[in-house]
Protein chains: 2
Amino acid sequence: MSSSPPPRFDDVLAAAARIAPHARMTPVLCEPALDALAGAALHFKAEHLQRGGAFKFRGACNAVWALQDARAARGVLTHSSGNHGAALALAAAGRGIAAHVVVPQGAVRTKLALIEAAGATVHPCAPTLAAREAACAALQRELGATLIHPYEDAQVIAGQGTAALELLHALPDLDVLVVPVGGGGLAAGTALVLAACAPHCVLVLAEPAGADDTARSLATGTRVTAFTPQTVCDGLRAGIGAPNFEILRAARAEVVTVDDGQTRAAMRLLWQYLKQTVEPSGATVLAAVLAQPARFAGRRVGLVLSGGNVDLDAIAFCARCGTG
Amino acid sequence: MSSSPPPRFDDVLAAAARIAPHARMTPVLCEPALDALAGAALHFKAEHLQRGGAFKFRGACNAVWALQDARAARGVLTHSSGNHGAALALAAAGRGIAAHVVVPQGAVRTKLALIEAAGATVHPCAPTLAAREAACAALQRELGATLIHPYEDAQVIAGQGTAALELLHALPDLDVLVVPVGGGGLAAGTALVLAACAPHCVLVLAEPAGADDTARSLATGTRVTAFTPQTVCDGLRAGIGAPNFEILRAARAEVVTVDDGQTRAAMRLLWQYLKQTVEPSGATVLAAVLAQPARFAGRRVGLVLSGGNVDLDAIAFCARCGTG
């Protein structure tokens, strides 16, 4: 867990300035066929077209460039099953510093390849949180590298908020903004932006039913920390972070849970009609809108397509064998 | 075959003005990972994001809106295995006139669904050119509708040229422009634009090896008309049209043939790195660049991603059963 103070909206503004030379300003995509299906005006923020194939580059880039030179020179370190690891590797390469990524066994092959392609050193570990944290602690002691937590780090949260900032700049009148929630970096960053820029806009979190700790945490007011995720959404298996939970509770964020069947159906719609290869985690936002149509009917809805690093071998649709 | 005079560059300019209120100005996409793979600067004109999911809307829209009111009122008619049919249906719906589409059995399901969704009347026929033409002739007699040929019609060719016009407006310094060739509507329209706007730019046609009649026609100077296409590229099975062949011969267009394995590999790269679900026909352009890297090395290359109407059930990649 991060020991830094929780981020504020000013930190998101600073992040936007800091990452501007490095990150892509992603487009907003629309498709009338999907609007007709949803009965709402859908505006997709295409973060799968972000560098590294996911919004994660925003937070990682902000954290890397926020470091003082002397500290940065000792490199950065994280544990990640995928997109954050790749994002940190890319961001570190951009600053010319070393990146070390502890990767649990079973990570998506495509994401592992991205981490390696960006020049990071990969450290495999057992697929448990305890093993991840032990490996990170050992590397911190050995290398003096700075740990950049995937979603609890204040600079990471602030960086992720810049996606919503861009979307609201283009579309200030959104009624609802839907983002996926796993560890809650994107969700918390988005909440900071909505509170400051669009308090009328409802924040809806799309969460896999098989990893619904955020829904349960917000419902009871107590953060759930012990659960075993069961979902195809490999990017949303983390439990909600401590600062993230506090920010989301204060923002009165709402959660819509979706099962993997709904997510796969939504992913298929995005591939078919939006012509975008979005990964399962990113498709949860459309799944949430289609799961509760009355909630969104006739409204202007923003949706963050969070990533597109699909393992085509494992995830695609196949009539021959019935996959999908 | 069309009996109208062959189109000229002025017709492309007129088409651009005519379709502007109806067609999308599609984006140009780039991806450093694909540039690295090709050793060239690749600029993808995203026609799979065009209305109807393919560049075909440009030509169909131009042809529909070029009709005099009295003639338009009797409706339009075509035979098409897919994207042209859907495009004509959409264009006719936009003008509020009837569209009739003769569809050979075995057409891609997704494309058939698009034709129906746009409100056209579908007339099934046997999957031979003779059966298509007989069905069209019968409907013409019965309805008085105007036949809009998928690729030999002068207004269709002129309309397809507008994609290259937009691309060169954004990137006037392209060294090479690669487009797929089937019947040759896009290829011929592009040739007209290059001759007028960018005579330094080489036109390369990507053609499936299993339907390489254009390559053989241009090599011998005599249009090949009898062949049986064998390719996964359902949009490129038509033989090169008569006016199309004349335009391409005059333009000294070059052809790179690619086998289906190369096309599937290129399609996979586009899905994985560009995050765009491009159909096989549209992936031939990247396949051509990767098949002959020396030809494109270090150059500024435009590529028209011609369509994205993939039948996900039939085409996707699956590790479980080995598809792809």
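By class, I counted five nonpolar, six polar and three charged residues in the contact of α3(A) with α8(A). I note that the model is a predicted one.

I next looked up the geometry of this pair. Two packed helices are described by the angle between their axes and the distance between the axes. Helix α3 of chain A covers residues 56-66 and helix α8 of chain A covers residues 154-170. Their axes come within 7 Å and cross at roughly 130 degrees.

I turned to chain B and to B:S80. I found B:S80 in the loop between β3 (76-79) and α5 (83-95) of chain B. Is B:S80 buried or exposed? Its relative accessible area is 5%, so I recorded B:S80 as buried, the cut-off for buried being under 20%.

I checked which backbone nitrogens the side chain of B:S80 approaches. A polar atom of this side chain lies 2.9 Å from the backbone nitrogen of B:G82. The side chain of B:S80 also reaches the backbone nitrogen of B:G85, at 2.9 Å.

Finally, I set aside the neighbours of B:S80 within four places in sequence and listed its contacts: B:G85, B:V101, B:V102, B:V103, B:P104 and B:R132.

How values were computed
Residues are numbered from 1 along each chain as its sequence is written. Chains are lettered from A and ligands numbered from 1 in the order in which they are written. This is a predicted model: local features need pLDDT of at least 70, side-chain atom pairs count only at pLDDT 80 or more; totals for chains, interfaces and linings use all residues. Side-chain values use heavy atoms; hydrogens and water are left out. Axes are lines fitted to C-alpha atoms, for helices over the stretch in contact, and angles run from 0 to 180 degrees between N-to-C directions. Helices (H or I, at least four residues) and strands (E, at least two) are DSSP runs, numbered from the N terminus. Ala, Val, Leu, Ile, Met, Phe, Trp, Tyr, Cys and Pro count as nonpolar, Asp, Glu, Lys and Arg as charged, and the others, Gly among them, as polar. Buried means under 20% relative accessible area, exposed over 50%, partly exposed in between (1.4 Å probe, protein chains only). A polar contact is a pair of N or O atoms within 3.5 Å; within protein, one must be able to donate a hydrogen and the other to accept it, and residues adjacent in sequence count only if both atoms are side-chain atoms. Contact means heavy atoms within 4.5 Å.
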